[in-house]
Amino acid sequence: MTASEINRNAFLQAAGEAYPGMVNYSFNYGNAHWLVVDSDPYVDWTDSTLTAWVAKDLADAKEATWRFVVFHHPGFSSAREHFEQQQMRLLSPVFESGKVDVVFSGHVHNYQRSYPMKFTPDKKGTLLVGGKGNQTIRGRVVNGRWTLDKSFDGKTNTRPQGIIYIVTGAGGQELYNPEQNNDPDSWQKFTDRFISNVHSLSVIDVNGTTLTMRQISPEGKELDAIKITK
């Protein structure tokens with residue numbers, strides 16, 4: 001629900017300096033900086049206070065070799081399920097300025113990997129709310145312009161020009177949109193890999209200036225693999 005001014009002020013007063021840090025936070029592990037943010041549709045990522053907090057967090061991580069962002073709802077997904085929840089696309093320019101390498105999401109129960117990409121949103125998108133008498137925010141459709149690095153293959157060319165967006169939700173109980181697995185015409189142009197007919201998990205290894213990501217089935221079969229080097 002959209003907060004009333006009274007409820008909003010009461011919340012901010014109670015949270016104090018803990019907001020927005022209590023739901024948006026970061027940490028360093030080894031030579032990697034991890035930023036975790038709240039992607040729920042009720043969060044207004046058009047708010048300059050929030051985007052400034054993200055920009056500052058990434059700018060302060062200048063000593064990190066790697067910068068990763070994690071949130072639940074993917075901004076870039078080809079799945080028909082939850083397709084309208086594109087609100088996190090609004091942060092792409094902030095992530096690009098902050099030199100983010102990979103963005104990890106879940107929510108959609110399959111596996112997707114984008115081409116390395118840059119994205120410029122068209123304004124603030126269109127906010128979607130529930131039906132008559134229901135003001136629940138369902139998501140935000142955000143159109144824009146993307147630039148794709150199709151020369152990156154993660155094998156011979158391991159230096160991407162842009163951010164790679166990973167949807168690693170294939171551990172969910174029920175897989176979403178298996179009918180799209182062998183239908184690349186149904187994928188968005190930014191999608192390089194789309195696996196929705198088998199459960200899987202992501203294994204990420206960082207060794208200095210090399211990152212290896214493998215998508216593994218329950219039987220141990222390697223479904224996808226890329227390497228990124230700096």
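Two residues are in contact when heavy atoms of theirs lie within 4.5 Å. That cut-off comes up again below. This is a predicted model, in which local features need pLDDT of at least 70 and side-chain atom pairs count only at pLDDT 80 or more, while totals for chains, interfaces and linings use all residues. Residues are numbered from 1 along each chain as its sequence is written, and side-chain values use heavy atoms, with hydrogens and water left out.

Start with the whole chain. The protein chain has three helices and 14 strands. Helices (H or I, at least four residues) and strands (E, at least two) are DSSP runs, numbered from the N terminus. The radius of gyration of the protein chain is 18 Å, close to the 17 Å that the globule rule gives for 230 residues, so the chain is as compact as a globular protein of that length. Here the radius is taken over C-alpha atoms, and the globule rule is 2.2 Å times the number of residues to the power 0.38. Along its principal axes, the C-alpha trace spans about 55 × 45 × 35 Å.

How is the chain packed? Of the contacts in the protein chain with a separation of 6 or more, 68% are between residues 24 or more positions apart. Buried residues make up 46% of the 230 residues. Buried means under 20% relative accessible area, exposed means over 50%, and partly exposed lies in between (1.4 Å probe, protein chains only). The chain exposes about 12100 Å². Carbon and sulfur atoms supply 50% of that area. Accessible areas come from the Shrake-Rupley method with a 1.4 Å probe; for residues, only the protein chains shown count as cover.

Now go to Arg113. This residue lies in strand 5, residues 111-114. Is Arg113 buried or exposed? Arg113 is buried, because its relative accessible area is 5%. Leaving aside residues up to four places away in sequence, Arg113 touches Ile164, Tyr165, Ile166, Thr191, Asp192, Arg193, Asp224 and Ile226.

One of these neighbours is Asp224. The side chains of Arg113 and Asp224 make a polar contact at 2.8 Å. A polar contact is a pair of N or O atoms within 3.5 Å; within protein, one must be able to donate a hydrogen and the other to accept it, and residues adjacent in sequence count only if both atoms are side-chain atoms. Asp224 also forms a salt bridge with Arg113, with the closest N and O atoms 2.8 Å apart. This pair links distant parts of the chain: Asp224 is in strand 14 (residues 222-229), Arg113 is in strand 5, and they are 111 residues apart. A salt bridge is a side-chain nitrogen of Lys or Arg within 4 Å of a carboxyl oxygen of Asp or Glu. Asp224 counts as buried because its relative accessibility is 6%.

Asp224 has another partner. The side chains of Arg193 and Asp224 meet in a salt bridge, 3.5 Å from N to O. Arg193 counts as partly exposed, because its relative accessibility is 29%. Arg113, Asp192, Arg193 and Asp224 are linked in a network of salt bridges.

How many salt bridges does a search of the whole structure find? The search finds eight. Among them is the bridge between Arg80 and Glu179, whose closest N and O atoms are 3.0 Å apart. Arg80 lies in the loop between strand 3 (66-70) and helix 3 (92-97), and Glu179 in the loop between strand 10 (164-168) and strand 11 (191-195), so the pair ties together parts that are 99 residues apart in sequence. Arg80 counts as partly exposed, at 48% relative accessibility. Glu179 counts as partly exposed at 46%.

Next comes the surface. Phe11, Leu12, Met22 and Val23 form a nonpolar patch there, with about 320 Å² of accessible area together. Patches are made of residues with over 30% relative accessible area and no salt bridge; like charges are joined within 9 Å, and nonpolar side chains (Val, Leu, Ile, Met, Phe, Trp, Tyr) within 5 Å. Met22 sits in the loop between helix 1 (5-15) and strand 1 (25-29). At 42% relative accessibility, Met22 is partly exposed.

Last, look at the backbone. Most residues other than glycine have a negative phi. His82 is not a glycine, yet has a positive phi of about 65°. His82 is in the loop between strand 3 and helix 3, and is partly exposed at 22% relative accessibility. Lys123 also has a positive phi, near 55°. Lys123 is found in the loop between strand 6 (117-121) and strand 7 (126-129). Is Lys123 buried or exposed? Lys123 counts as exposed, because its relative accessibility is 77%.
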